[in-house]
Amino acid sequence: MEPVPKRSPDRTGGGPRPEDLAPPIRIPAGLVVLVGPPASGKTSFVRAVVERRQVDAEAVVSSDGIRTELFGAVSEPADPDTADAVDARIFEERDRRIVARLAAGSSVIAESTNVTPQARERLIALARRFDAPVTVLRFAPDVADLLQQYAERGRADLTAADVRAYAGVMSRDAGVDQLRSEGAAAVHDVPGRRQSVTPAEAAARFTFGQVLPGYHLT
């Protein structure tokens, strides 16, 4: 669970920040793609969104969650061929769950790193099959905060060098203009530790549509 950051000076006096008074950003029903390195706060954010009942738990499709369901505790097989086969199975199941949600007219949140154009292209292609809009939520803490969060979580399946590498790819290949050019209808940065914002506070800055246009769920 993400630690509660220290409050910024403008909050110690009890006064709200201007962004806290702004109306929440509305995310339309469709495919919501989270983009960010490991330990950037994606899981804490979606957990807060679910706890606040902004979406139901089934709306979140997590590659790490699927890995745990299918193969137990998160770990990387020593054999590269086995690791590739495991990843293929995980993302095949992820895609199946996303398609099932979109086909039923339900919104879905894809929780993976998604820092490469290839990863996002695969997801965007799924959304296009159902004419579902794609919204990207970016998680881009600075490297110092990212490494601190990584150290606090004690993940055994990643090294600090891995986290730095993901952050480098994010910086190079997941800018706002790049994401829009790939087909995102909207791109929003999710605040975190650097802005002294907790996951629950970040979640409160968004609302999520549940049903795709033209569908009437019972």
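The count comes to one cavity of 30 Å³ or more; on a 1 Å grid over the protein atoms alone, a cavity is a set of points where a 1.4 Å probe fits but cannot get out, and lining residues have an atom within 4 Å of a point. This is a predicted model, in which local features need pLDDT of at least 70 and side-chain atom pairs count only at pLDDT 80 or more, while totals for chains, interfaces and linings use all residues. Residues are numbered from 1 along each chain as its sequence is written, and side-chain values use heavy atoms, with hydrogens and water left out.

The largest cavity holds about 30 Å³ of space. Its lining is formed by Val33, Arg120, Leu123, Ile124, Val136, Leu179, Glu182 and Ala184. Helix α6 gives the most to this lining, with three residues. By type, the lining of the largest cavity has six nonpolar, no polar and two charged residues.

Now follow α6 (residues 117-128) to α5 (residues 80-103): the two helices pack at an angle of about 25 degrees, with axes 10 Å apart. They are therefore roughly parallel to each other, a term for angles under 35 degrees. Where do they touch? The contact (heavy atoms within 4.5 Å) involves residues including Phe91, Ile98 and Leu102 of α5, and Arg122, Leu123, Leu126 and Ala127 of α6. The residues of this contact divide into seven nonpolar, no polar and four charged.

Definitions and conventions. Axes are lines fitted to C-alpha atoms, for helices over the stretch in contact, and angles run from 0 to 180 degrees between N-to-C directions. Helices (H or I, at least four residues) and strands (E, at least two) are DSSP runs, numbered from the N terminus. Angles under 35 degrees count as roughly parallel, over 145 as roughly antiparallel, 65 to 115 as roughly perpendicular and the rest as oblique. Ala, Val, Leu, Ile, Met, Phe, Trp, Tyr, Cys and Pro count as nonpolar, Asp, Glu, Lys and Arg as charged, and the others, Gly among them, as polar. On a 1 Å grid over the protein atoms alone, a cavity is a set of points where a 1.4 Å probe fits but cannot get out, and a pocket is an open set with protein on both sides within 12 Å along at least five of seven lines; lining residues have an atom within 4 Å of a point. Grid points are joined across faces, edges and corners, and a volume is the space filled by probe spheres set on the points.
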